[in-house]
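Q: I would like to learn how to read some backbone and packing features from a model. Can we go through them one at a time?

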Amino acid sequence: DLSKATLTHQSLSAALAEPAQIAITEGVAEIRKARWKTGSGSVGITGRSDDTVDVKVQNFPLNLINAFSPGLGLKGQLSGDTSVELATGEPVVKWDISVAGASVPAAANNGVTPLGVKSTGSFADGKVEYKAAITNSQSINVAITGTANTQGPDVDAKVKGQIPLNIVDRVPALAARGIGLTGTLVADLSVKGGAPMPAIAGTLSIAGGTFRDAKDGISISALTLNANINKTTLKIQTLSGKVNEAGSLNVAGSLELDPARYFPADLTIKMTDGRFVDEQLLSTTFSADLTVKGPVATTPALAGRVDIKRMDIQIPDLLPGGYSDIKINHVNAPAAVVKQDREISGDDGSAQTGPPFNARLNLTVSAPARIFVRGRGLDAEMGGEIRISGTTNVPIIVGGFSMRRGRLGIFGKNLVFERGEVTFSGDLDPELDFVTTTNAADTTISIRVAGMASNPNFSFSSSPELPQDEVLALLLFNRSLDQLSTAQIASLAAQVAALTGSGPGILGSVRQSLGVDVLDLTTDEAGNAAVEAGKYINDNIYLGVKQAGESSSVTVDIDITKNLKGRGEVDARGDSKLGFEFNYDY
C-alpha cells in the first residue's frame, strides 16, 4: 500500500492522486490502483505483469516533456488509453490517444494555430502500424496511415490531406512585405524507405488560389498547380495563374527534393504582362521568357529575356530625411532583450547551415519605347536595351535607354530636351543625363539634369556666362535678380526648393497651413505679381481664385470625361468665359 509518493525531475513533478495498491502473488505483480497527478492531468495504471497493463491518460500537459528536452517548447494536452500485453513474452502495445492544442514554437511563430491530433495503432514483433488525423482551426486536415519497422529505417506510409495556403499570411517575414496566399494545397502521397531520403510518390494540386505581393505590386489569381512526385523529383506539369488581371504566368519543369544539394531545379518561366514595383523609384509592366537551373536555395542560374511593355521611373519630389539605422551591439544582454532584438531584426536565432542565396544572372531586357522618366518637371520617353549579368548580390547592368522625346516643365515653361540618356551601371537606381536650352533677354540658357534618379542634380549655365541665381531670375521672370519683387523672390525660392528636392519651400508651407490644394505665385502679362489658390471640391471639380493687382477672377474646372475638360471663369467686373480643353496621350 502506498499512501503518498512524489516523483520530481527538474521542473517535472508527479504525485499520487490517491492511495495506491500493488499485490505480488507467486512472482506476479498486480497493480490494482495507481493514479498519478501530473500538473492539470493524470496518469492511471492498472493490470498484471503476466497479462495486460493498461495506462489511462487524462489531460496530460505536454510541456512537462520539455524538462527532458530543453528548448523543445512543446505545448498541448494528451488524453487516451494504452494497453501493453505481456502474456506472450514479446510485448504488444495498442493505443488510442488524442492531443488537443499541440504546438511548437517554430509552428506558432509562423502563424500555425494549435493542432488537434488523433491516433490509433499497435506495436508487435518490431513493427508499428498506425493511423493519425491532424486538424486545426485553419482547416488543416491531414490523414496518415502506414507501418514502420523499428529494427530498420523502413517506413511505408500514405499521406492524404489539405492545407490552406492562407496560413502563410501569419508568417512574420512574409506578412511584413504584404505577401499573402489563398487556396488549398491538396496532397496524395506515399512515403517509403528511411532517413535521410525516403522515396516519395504521389500528386500535389492547387486550384483557384491567389498570390499577392503588396510591396512589389504583384497579384496572381486563378493560381493552379498540378505536380507529381517520384522518389526525390518534383515534376511540375502545370503551374499557372492570371497576373494582375491582364497577364499570365506559366511554369514547368522539375525540382529535386534534395536538401543536401540545395534543391537543384530545371524550370522554364513564361510571363506576359507581369508587373514589378520598386516603392522608391520605378514600376514596370513586362513579359518574360526565363529559365532557372541549378540549386534554387543557393546559386541558381537565371537566364532569358525580358521585354518591357512600360516602365515608369519616378524622380522623388522630396529627398529622404537624415534618419539612418543605428547599429547596436548588445553586451551581456538579458534574455528578454535578446528576444526583442531578434523579433525586430527578423532573426529567429538559428544559425545558417548552408551558403547564402546568390543567383547567377544572364538576362536581356529590351524596351524599344515607353520608358517614361518623370518628376520635378522632367517628362521624357526613352527606349533601348540592357544586359544584366553578375549575381543578385552584385548585379552588373550594362546598357541604357536613349531619349525618343522629352521636355522639362520648369518655371511655367515647357522646354524640349535636345538629348537624354538613362543608363544602369549596377543597381536599379539609373543615372540620368538630360540637356535642354532656351533663350531669355538675349542670353542662351542651358539646363542639365544629371546624376542618379534618386537624387538628380539640376544645373544652369548661360552664354554669356552668369551666376546661377541670375540665370534662374532670367529664366523665370526674364529680368535680373535685383529687379525682382519680394513675391517673385519667394516664388524663385519655392521653385529652387522643388527642383532640389529639399521640401515644399515657402509656398508649400503656406499652402498646407491654408488647407488648399494649389497655391502659386506668378506674374501677369504686365509683369505684376499674381497669386492663385484653389481646391478640388471632388474628384472632378476644381475651384480656383486668382488675384493680380486689383483684378480678380474665379475659375471652375470640370472633368467631363477622361480626355475632355470644361472651364468657366468670372472676374470681378462680371465678365465671364467658357471654354473646353481636349487632351489625348498617344
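Q: Where is P464 found?

A: This is a predicted model. P464 is found in the loop that runs between β29 (457-463) and α4.

Q: What kind of peptide bond joins S463 and P464?

A: Look at omega. The bond between S463 and P464 is cis, with omega about 0°.

Q: Is helix α4 mostly covered or mostly open?

A: Helix α4 (residues 468-477) is mostly covered, with seven of its 10 residues buried. The buried residues are V471, L472, A473, L474, L475, L476 and F477. Just after α4 comes N478, which has a positive phi of about 60°.

Q: Which loop holds F263, and what is its phi?

A: F263 is in the loop between β18 (247-256) and β19 (264-277). Although F263 is not a glycine, its phi is positive, at about 60°.

Q: Why does F263 count as partly exposed?

A: Partly exposed covers the range between the buried cut-off of under 20% and the exposed cut-off of over 50%. F263 counts as partly exposed because its relative accessibility is 30%.

Q: What can be said of R370?

A: R370 is not a glycine, yet has a positive phi of about 65°. The place of R370 is in strand β22. With a relative accessible area of 38%, R370 is partly exposed.

Q: Which residues have the most contacts inside the largest nonpolar core?

A: A core is read from buried nonpolar residues and the side-chain contacts that join them. The largest nonpolar core here has 66 residues, and those with the most contacts inside it are M382, V422 and F434. Strand β22 (residues 360-375) supplies the largest share of this core, six residues. There is also a second, separate core of 11 residues, with L12, V57, L62 and V99 among them.

Q: How much space lies in the largest pocket?

A: Rolling a probe the size of a water molecule over the atoms shows where empty space is left. In this model the largest pocket holds about 2,000 Å³ of space. Its lining has 50 residues, and the closest to the pocket's centre are I218, I269, F286, L290 and L302.

Q: How do the residues of that lining divide into nonpolar, polar and charged?

A: Sort the lining residues by type. For the largest pocket, 42 are nonpolar, three are polar and five are charged.

Terms used: Residues are numbered from 1 along each chain as its sequence is written. This is a predicted model: local features need pLDDT of at least 70, side-chain atom pairs count only at pLDDT 80 or more; totals for chains, interfaces and linings use all residues. Side-chain values use heavy atoms; hydrogens and water are left out. Buried means under 20% relative accessible area, exposed over 50%, partly exposed in between (1.4 Å probe, protein chains only). Helices (H or I, at least four residues) and strands (E, at least two) are DSSP runs, numbered from the N terminus. On a 1 Å grid over the protein atoms alone, a cavity is a set of points where a 1.4 Å probe fits but cannot get out, and a pocket is an open set with protein on both sides within 12 Å along at least five of seven lines; lining residues have an atom within 4 Å of a point. Grid points are joined across faces, edges and corners, and a volume is the space filled by probe spheres set on the points. Ala, Val, Leu, Ile, Met, Phe, Trp, Tyr, Cys and Pro count as nonpolar, Asp, Glu, Lys and Arg as charged, and the others, Gly among them, as polar. A nonpolar core is a set of buried Ala, Val, Leu, Ile, Met, Phe, Trp, Tyr and Cys residues joined through side-chain atoms within 4.5 Å.
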